[in-house]
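Student: I have a model open on my screen, and I would like to learn how to read it step by step. Could we go through it together?

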Amino acid sequence: MTKIRIAIQKSGRLNEESIEILKDCGISIDNGRDQLKASSRNFPMEVFYLRNGDIPQYLRDGVVDIAIIGENVLIEKGEDISIAEKLGFSKCKVSLAVPKAVKYDSVKDFQGKRIATSYPNTVKNYLADKGVSADIHIINGSVEIAPNIGLADAICDIVSSGSTLFKNNLKEVEVMLKSEAVLAVSPKITEERKGILEKLQFRIQSVLRARQ
Ligand code: PRP
Ligand code: MG
């Protein structure tokens, strides 16, 4: 029997709520987390637990058919991948921040500055649009430490509660985009699996309506 292959985040902010929404859709998944792949008992679905940043490529290659992923990750690495539904959870911003003590006037202040980030494309596009060019340093985690250790003048990262910025003596000065979890679809999805996707979307829509 044909199954739809869905990628969800292996660990991190989206993991629990992704499993939760599938559960609310009445889809039970045998076994989680420890196994990288699991099957549903009552819906034609296989779940792949993957790293966030790898998911756009899996979708592009058609190795998975759909994914629950942060819109911010698609904006950074998967602008070619379409979104079927916004899911209303894991809301966050992608922002630029500078040390609290720095006087900040406008985005022009970033001209020639060193910015540490895991979102190089998002920052470059945002600044280019404003006629600003900066020196981007790509870091994969704990980005907020960079100004404190002299690696950068500013950072760009996800802001959710704001507590990571606060703890590192940084202040948010530009909100580049707002993001939430979305259901993304592979450009290579087959017609047969599109039929399963429609059934899933129907369930998701009723869950989202009930959550309002
Ligand atoms: C994420 C993100 C920010 C932080 C924002 O990091 O990179 O650092 O969360 O959340 P807050 O505004 O609620 O503090 P995470 O802890 O997920 O890990 P990572 O940076 O090592 O990937
Ligand atoms: Mg972080």
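**Reading the fold**

Tutor: The protein chain has 6 helices and 11 strands, where helices (H or I, at least four residues) and strands (E, at least two) are DSSP runs numbered from the N terminus. This is a predicted model, in which local features need pLDDT of at least 70 and side-chain atom pairs count only at pLDDT 80 or more, while totals for chains, interfaces and linings use all residues. Residues are numbered from 1 along each chain as its sequence is written, and chains are lettered from A and ligands numbered from 1 in the order in which they are written.

Student: Into which domains is the protein chain divided?

Tutor: The bounds come from an automatic or database domain assignment, which gives domain 1 (4-90 + 180-211) and domain 2 (92-179). Their C-alpha centres lie 29 Å apart, and 7 residues of domain 1 are in contact with 8 residues of domain 2, contact meaning that the C-beta atoms, placed from the backbone, lie within 7 Å. On the domain 1 side, helix H3 (residues 71-77) gives the most, with 4 residues.

Student: How should I read a sheet, and in what order do the 5 strands of the open sheet run?

Tutor: In general, strands of a sheet pair through backbone hydrogen bonds, either parallel or antiparallel. Here the order is S8-S7-S9-S6-S10, with mixed pairing; two strands count as paired if DSSP finds at least two bridges between them. Strand S8 (135-138) and strand S10 (170-179) are the edges, each pairing on one side only. Strand S6 (residues 92-99) pairs with S9 in the antiparallel sense over 5 bridges, and in S9 the bridge partner of Val94 is Ile158. Helix H4 (residues 120-129) packs on this sheet, touching S6, strand S7 (114-117), S8, S9 and S10, and its direction makes about 165° with that of S8, where axes are lines fitted to C-alpha atoms, for helices over the stretch in contact, and angles run from 0 to 180 degrees between N-to-C directions.

Student: Which residues come nearest to ligand 1?

Tutor: A residue is near a molecule if its C-beta atom, placed from the backbone, lies within 6 Å of it. Of the 13 residues around ligand 1, Gly141, Ile158, Ser160, Ser161 and Thr164 come nearest. Strand S9 (154-159) and helix H5 (163-167) each supply at least two residues of this shell, and S9 gives the most, with 3 residues.

Methods
Contact = placed C-beta atoms within 7 Å.
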